[in-house]
Each structure stands twice: as structure tokens, then as C-alpha cells.
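Please look over the structure below. This report covers its disulfides, its strand pairing and its aromatic contacts.

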Amino acid sequence: MSARLKLGVVAAALLALTACGGGGGGGGDSPTPPVAPVANAGKLNGSAATGSALSGATVTLKDANGKTLTTQTNAKGEYSFDTSALAAPFILKVEGGTMVTSGLPNRTVLYSIAIPGEATANITTLTTLIVAQLGKQLPQDAFAAFSGALLKAAKSTDSVVAANSAVLDYLLNTLKLDARSIGNLITAKLDATGANDPYDQMLEKARQVEPNIANQAVALVKALTGTVKIDTANETLGQCIASLDLPADLKTVATDGSDFAVYTWDGQKKVDWSGAQNYKSGWFGGIQKTYFGMNSEPVTVDGRQMLQSMDELIVQEDSTRYTPGALKTQFPFSFKNYTYTSLDRRQPMGWREEQYDQNGKFDNYWLQKTPQTGAAFDQLFELKPGTTARNSYTRKSLGNWYANGAITETQDEEVTFIGREQVQTLLGSFQACKSEYKVKATQLDANGQLTLNATWTETKWHVPKLGYVKRTTGSQENDSTGKVLYYEDSRSYELAGARRQGKRYGAYDLWFGIQTGTTSTTAQAGSQCDYSVNGYTVGFNWLVKPDGDGKSAQYRTWNGSTIAMLPITYPGSTTLNNFKSSSGGDVTLSYSQQLDFNVTTGVLGGSYSRTEQYTGAGSCTGQYNYRIDAARLL
């Protein structure tokens, strides 16, 4: 069996149980003789939930003869049917309604099954997986054609119990969530509005660990059958992501480390907040650390309970030297970016950023934006290709430099699922699902006067398990007339490596640290080369791909004209003389490094130097030396 199943999409433990978990081939079955109806309990009830109860949702029940009934869930997500005139087993579907926790519309379709004699059938993201496991077909297809081998399997207590066990093993072995105490996910007690209900809490935890949990049935069917039929012109973003495989050559090893990912980023920046249009322009870049929302915690903001998650953006260097509040000369520094959502994670509730220096000291800069009326986008996974969802809302903006109180912002935003696209990244070539987000914003000061027009664009390339492997952003801010540019930047982010759900993805080790200026030597006192970098600091990252022999590696770097992979001793010491050079006008720059990697302790030391050589009337040569202090992040 293992040769037939596609491991890596779903946990091996989940697949190991498929031999006893389903009753055959699903949608591709040959004609099967009619199955005699079986008596039922005369009633059927349960709860519909995604981690939030679904209120006012439509529940459709189909019996063994294809007869259907519909009803609506109540305010707690509960439903009830009189099934005395129907023939068991039953298949169920719930759609629409409102998520009780956030008050937002539900756009997820869920499924479940009820075997003969049972009076309870919950309909959740996890029972949807049971239907896929049992029928070896997409739940929507199973519901449309409830017959043949699936109908036979649905009459078998053993088959349904085995399918339930397989889903419990998926939770345990892939998502690292132990739901075995809940037992039967179809019939277990579920109070979807209860504060401490174990089943409801497990639904929320599953969605936290795997935000696309509702569409994992697609991945499951592909693992069980070797293929899955998706109408790519009519698929949702969530279905698109779940149907993809990670590249076969993507290095993957087991790890016990917590979920964590690192992106490298760089871009171009242009700024002059005075309005005089005397812009500072240039390159900036660094790394971004993300924790996949696993550091979430409940907080209270503006009197409202929310979930807070934190990621970190590190600016290694900025050639414009401009940062919020002042000119910056000491690098690196970081922004802790806090995002807020409703408690069920469905509704974005704003964000906050705080700036810290290289020693982790708060730099007295913060900015916070929270919605006032309306709501930001949710349920991106339900968008279809080429479909654009639009939304408008207002939010309150506060910053430590605001002298006249809160500023009101109006946001007009739209998000589009573009479709499937092959994308090249640091980790290789990925088949991805592409989305685009756009915002137009206006700012009103405390007196109601228009002060700022802004636009923001973000494109993401989504893949299974890792979230996104590439992201580009663009930002522009203008005065009240829209004619005077204050600020603009463009950035590109690429995934360098990740730990996710017990696996380490990517071939690179990433080291990050500080280069501190020590001494400078010049050929001519008083020349343009005669300056000191003593005490000057800059951030730096090193991407190293081990060769697998425990002795050597390839160091990925820019050599002045292209990306180069330089052989180094790893672990150990390597000297790279003139590994990078560039020239322009009357100056030539060259760079050298000595790198001392201690893989055991995770410490990188050594030295870095830059040589400037000027020709012409002001000819001189200067060498500027730095000490390296770094550590391995991944």
C-alpha cells in the first residue's frame, strides 16, 4: 500500500489505517446493486462548528435512497431532524449561516455521516475529513452521489470507526494534537458555544495549527487514491493549496524544534516626509522571523478581547538611514509586529508595531491601528480564481509621535485569488497558488482634515504546510492632494527555511548577526578615504548549504554581479579574499571575509573588510575592518 499512497501530504499514520478505513473506490466505482435501507433511530441531531458555532446555517440531510431534508441551525449551532420516514445511513452537509464568535458570514461547507441506529451526528471540519477518508473521494462528490461503495461503508460501524481513528491519528502525528480523549468525532458531545468544551477547543486548535484545515480533505483524497480531480477554473484558494505537493527535491528532515520560519528580504526605498521632495533613496533589507501564529495569546485592546500573535522584522541595513522618528546609524534594529484577530481567528482586528534596537531595547517608536466600523477581510481560502472581494471600513490609528490624538483612516481593500503559478525561490521551484491584496487608504486628523493618501499592495505565493514561499509588497504615501510623494518602497521576501509540524524544510543553514567596525587604514590622511568605522554596526546574514559530508558547504552570496555559491569549510574556518567587488565612476570596492563556523555551539565569528580605491584627482585607498558576531537561526 505504501507505494501507492502519496506520503508527505497526510501523516503516514493516517494512511496506514486506510486499508480498513473505507469501503472502496468512491466516485469512480462501477455500478453497485442497490443496498437495502436500514432502520434508523427516528431522529438525528448534532452541532455544526468550525471552531465557532455556525448559527442560521442550512443543514441538508440525504438518506440511503437519495431523499433529502433541510433545516437551520439555532443560535448555538445545533440542528435536529425527524428521520422516522427515512432510510439510514445518512450523509449531511452544512453551509452558510454566521460564525457566532465573530459574527461574520460562514463560507465554509462541511460534511458528516450518520450510521444506522445513531441519533447524533456533528458536522465539523474534522467530520469532513472522516467523509473523505471513508469514501476516498471529495466530500462534495460523496454528497452528490451517495451510493455504491460509500453507502456500503457508511452502514458499517467498523469502517466508520476506522475512518475516525485515521483522522485522530492525523491530528496526533501531523498536527501534534491529541484528540483521542474526545473519541468518536461524529457522535461526541459538542457544545460549540461552551467556554471549555474539549471538542470545540480541539476544532480551534486544529485551525490554529493548520489554517486550511477545512480543505485538507483534498490532500487526504490525493494521498489515498494517488490523484484528485479539481476544477482549477472553479476551485477555491484553499482547495488549490491543499491539492499541491511540495517539490520532491525539497530537503526535509525530522526535528523536535518549535514551528518557526525565516525569510530574507530586500527592497528599494524613497522618502522625504517634509514635502520638499529632496528624497533619500536606496537599498534596504534584512530578515523576517515568523512563528505561524503559535505564540498567540488573548489580550484586551480598546476594551475588546482579541488574540495577539507576533512576528519580527529585522532591518540589517538601510542606505537611506531613515526610520520612523529619526535617522538611524546603528544597525540592525527590529520591529515586533503584533497582529490582532477575533478569538476564533476569523476576523482581523488590527495590528501594532514596536521598534527595538540591536540589544532588544525599546526604541520609543510604536504605531497601532484597530478597526472602528466594519471589518477587514476573512476567509481568504474561499476565494475562486479571478474573483475579487471588496470591502471598506474605518480604523483608528495611534502612534507615539501623534500630538493631536487619534487619526481616523478609511480603508478600501480588495483581495483576489489569481490562480496557479510556478515560482522560483531560494528553496527551489514551487507550484503555488497566487493571491493579491490591494488597499487604498485616506487619513483624517483629529480635526477631520484630510492629511494623507496611501496605497498598499501585497502578492503571495501560497503552498501547503509552509504558508507562503514568496511575498512582494509595495507601499506609497502622498499628501492630501495626492500629488506630493512622501514615501514609497518595494520589497521582496523569500523563504530561507522553516520548521513546521515536526519537520525541517530547506537545505540552507541561516546565520544572523552583527558586524562591528574596529579599525580603518588609509593611504592618505585627510583624503576621502580617511574616515573611521570604529563602533559602527550593521546586520548581516549568511546562507550556507551543507554538502552532506560534515566537512564542507556552499556559501550563497552576491559577488557584485550575480549570485555565487562559494565552497567553504563547514564547520571550520575559511578565508574569502575579494569574494565580492564592484566599480562605478572613480571608485572600486572589494570585500573579504574570514568565517569561523562552530556548528556545535551555533556560533559564527570572524572578520569582514571593505576596501575602497579611488582614482583620479582624489586618489586614495582605504580599508575598513569589522568583527563578526553571529549565531545560527535555522
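The count comes to 2 disulfides. The model is predicted.

**Disulfides**

| Pair | S-S distance | Torsion about the S-S bond |
|---|---|---|
| Cys 240 and Cys 433 | 2.0 Å | about -95° |
| Cys 529 and Cys 620 | 1.9 Å | about 75° |

Take Cys 240 and Cys 433. The torsion about their S-S bond is about -95°, so this disulfide is left-handed. The bond links distant parts of the chain. Cys 240 sits in helix 9 (residues 237-243), while Cys 433 sits in strand 22 (residues 428-444). The two cysteines are 193 residues apart. Both Cys 240 and Cys 433 are buried.

Now Cys 529 and Cys 620. Their torsion of about 75° makes the disulfide right-handed. Cys 529 lies in the loop between strand 27 (509-522) and strand 28 (537-546). Cys 620 lies in strand 34 (residues 620-632), so the pair ties together parts that are 91 residues apart in sequence. Cys 529 and Cys 620 are both buried.

How does the pairing read when the bonded cysteines of the chain are numbered in sequence order? The pattern is 1-2, 3-4. As a general point, a disulfide is a covalent bond between the sulfur atoms of two cysteines.

Strand 23 (residues 450-463) and strand 24 (residues 467-478) run antiparallel. They are joined by 11 bridges. One example is Thr 455, whose bridge partner in strand 24 is Gln 476. The hairpin of strand 23 and strand 24 has 3 residues between the strands. In this hairpin, Lys 465 takes a positive phi near 65°.

Strand 24 also pairs with strand 25, again in the antiparallel sense, over 9 bridges. Here Gly 474 has Ser 490 of strand 25 as its bridge partner. The hairpin of strand 24 and strand 25 has 6 residues between the strands. Gly 482 takes a positive phi near 80° in that hairpin.

In general, side chains in a regular strand alternate between the two faces of the sheet.

**Aromatic pairs**

The count comes to 23 aromatic pairs. One of them is Trp 273 with Tyr 487, with ring centres 6.2 Å apart. Why is this pair stacked? The planes of Trp 273 and Tyr 487 meet at 15°, and planes under 30 degrees apart count as stacked.

The pair links distant parts of the chain. Trp 273 is in the loop between strand 11 (260-271) and strand 12 (280-290). Tyr 487 is in strand 25 (residues 485-500). They are 214 residues apart. Tyr 487, at 11%, counts as buried.

Phe 540 and Trp 542 form a tilted pair, because their planes stand at 50°. Their ring centres are 4.8 Å apart. Phe 540 and Trp 542 are both buried.

Which residues form one aromatic cluster? They are Phe 331, Phe 333, Phe 335, Tyr 365, Trp 401 and Tyr 402.

**Charges over rings**

Two lysines close the report. Lys 62 lies over the face of Phe 143, at 4.8 Å from the ring centre. The charged end of Lys 580 sits over the ring of Tyr 591, 4.3 Å from its centre.

Notes:
Residues numbered from 1 in each chain as written. Predicted model: local features only at pLDDT ≥ 70, side-chain atom pairs only at ≥ 80, totals over all residues. Heavy atoms only, no water. Phe/Tyr/Trp six-rings, centres within 6.5 Å; stacked < 30°, edge-to-face > 60°. Helix = DSSP H or I, 4+ residues; strand = E, 2+ residues; numbered from the N terminus. Buried < 20%, exposed > 50% of the residue type's maximum accessible area, 1.4 Å probe, protein only. Lys NZ or Arg CZ within 6 Å of the ring centre and 35° of its normal. Disulfide = S-S within 2.5 Å. Pairing = 2+ DSSP bridges.
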